[in-house]
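Subject: Model for you to look at

Hello,

Here is the structure I promised to pass on. Please open it first, then read my notes below.

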Amino acid sequence: MRTANPELQEQRRRQILRAAGRCFAEKGFHQASMAEIAKAAGLSMGLLYRYFANKDALVMAFAELSRANSVALFESLATSADPERDLAGVVDAILGEVLDPALLRLQMEVMAEACRNDALMASLRREDALARDALLASIEALRKRGLAKPPVPAPALVELLNALFEGLTVRLAMQPDLDRERLAKATLKALVALVGIDPR
């Protein structure tokens, strides 16, 4: 029996997720079929179903991947020797995600479906809680090391930061010509002040 190749499996998963993201963004969650996703990925239906049982599973994979990326960013910030520099990296990565027009359409589709699907919403909330906990832990770690002095309690700061970045997604829909460079500089300056990092 052939042994599974973890690297190939991960490549296949990402290949399917890219195709599903395009299909959901172009056609909507309900209009995009598993057959269309398989075709867009260049795979057979049988192979697609070996990785994802249904469209809800695809959505959860997007959420898990986003959370894993966020947690990795926050964990690196927690151990940073230069929080301002590494916070700039966090801002750049998050803006790269929330200001991507294709991801904007995908996120809106996912949220609309979650509002109708209680089980999916519960799963998304669990992933969101894990990301929030990681951000809270990173801020607390910086505070304990004397590198951050947030002017508000860290839990409230986490809620504010999440609202800020999620609001940017909607702002892009209303204002598609946003100047990303100017926004990144302003966002970093605001976050340095909110987290309580002494600017260089």
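**Overall fold**

Of the contacts in the chain with a separation of 6 or more, 69% are between residues 24 or more positions apart. Contact here means heavy atoms within 4.5 Å. This is a predicted model, in which local features need pLDDT of at least 70, side-chain atom pairs count only at pLDDT 80 or more, and totals for chains, interfaces and linings use all residues. Residues are numbered from 1 along each chain as its sequence is written, and side-chain values use heavy atoms, with hydrogens and water left out.

The chain has nine helices and zero strands. From the N terminus on, the order is α-α-α-α-α-α-α-α-α. Helices (H or I, at least four residues) and strands (E, at least two) are DSSP runs, numbered from the N terminus. The C-alpha trace spans about 55 × 45 × 30 Å along its principal axes. The chain has 200 residues, and 39% of them count as buried. The classes go by relative accessible area: buried is under 20%, exposed is over 50%, and partly exposed is in between (1.4 Å probe, protein chains only).

Two packed helices are described by the angle between their axes and the distance between the axes. Axes are lines fitted to C-alpha atoms, for helices over the stretch in contact, and angles run from 0 to 180 degrees between N-to-C directions.

Take α1 and α4. They pack at an angle of about 110°, and their axes are 10 Å apart. That makes α1 roughly perpendicular to α4. The cut-offs: under 35 degrees is roughly parallel, over 145 roughly antiparallel, 65 to 115 roughly perpendicular, and the rest oblique. On the α1 side, the contact uses Arg13, Arg14, Ile16, Leu17, Ala20, Gly21 and Phe24; these meet Lys55, Leu58, Val59, Ala61, Phe62 and Leu65 in α4. By class, this contact of α1 with α4 has nine nonpolar, one polar and three charged residues. Ala, Val, Leu, Ile, Met, Phe, Trp, Tyr, Cys and Pro count as nonpolar; Asp, Glu, Lys and Arg count as charged; the others, Gly among them, count as polar.

Now α1 and helix α6 (residues 101-116). Their angle is about 75°, with the axes 8 Å apart. So α1 is roughly perpendicular to α6. Gly21, Phe24 and Ala25 of α1 make the contact with Ala102, Arg105, Leu106 and Glu109 of α6. The residues of this contact divide into four nonpolar, one polar and two charged.

Arginine 22 also lies in helix α1 (residues 6-27). At 43% relative accessibility, arginine 22 counts as partly exposed. Arginine 22 is 132 residues from alanine 154 in sequence, and their C-alpha atoms are 37 Å apart.

**Buried faces**

Start with helix α2 (residues 34-41). Its buried residues are Met34, Ile37, Ala38 and Ala41. They line one face of the helix, because they fall within an arc of 100° seen down the axis of α2. The arc is that of the directions from the helix axis to the C-beta atoms. The buried residues of α2 pack against α1, α3 (45-51) and α4. Glycine 42 follows α2, and its phi is positive, near 75°.

Next, helix α5 (residues 83-98). Its buried residues are Pro83, Glu84, Leu87, Val90, Val91, Ile94, Leu95 and Val98. They cover an arc of only 125° around the axis, which puts them on the same side of α5. They pack against α4 (55-78), α7 (118-144), α8 (154-174) and α9 (180-195).

Then α8. Its buried residues are Ala154, Leu157, Val158, Leu161, Phe165, Leu168, Thr169 and Leu172. They pack against α5, α6, α7 and α9.

**Two single residues**

Serine 138 lies in helix α7. Serine 138 is buried, with a relative accessible area of 1%. Leaving aside neighbours within four places in sequence, serine 138 is in contact with Phe74, Leu77 and Ala78.

Glutamate 181 lies in helix α9. Glutamate 181 is exposed, at 55% relative accessible area.

Best wishes
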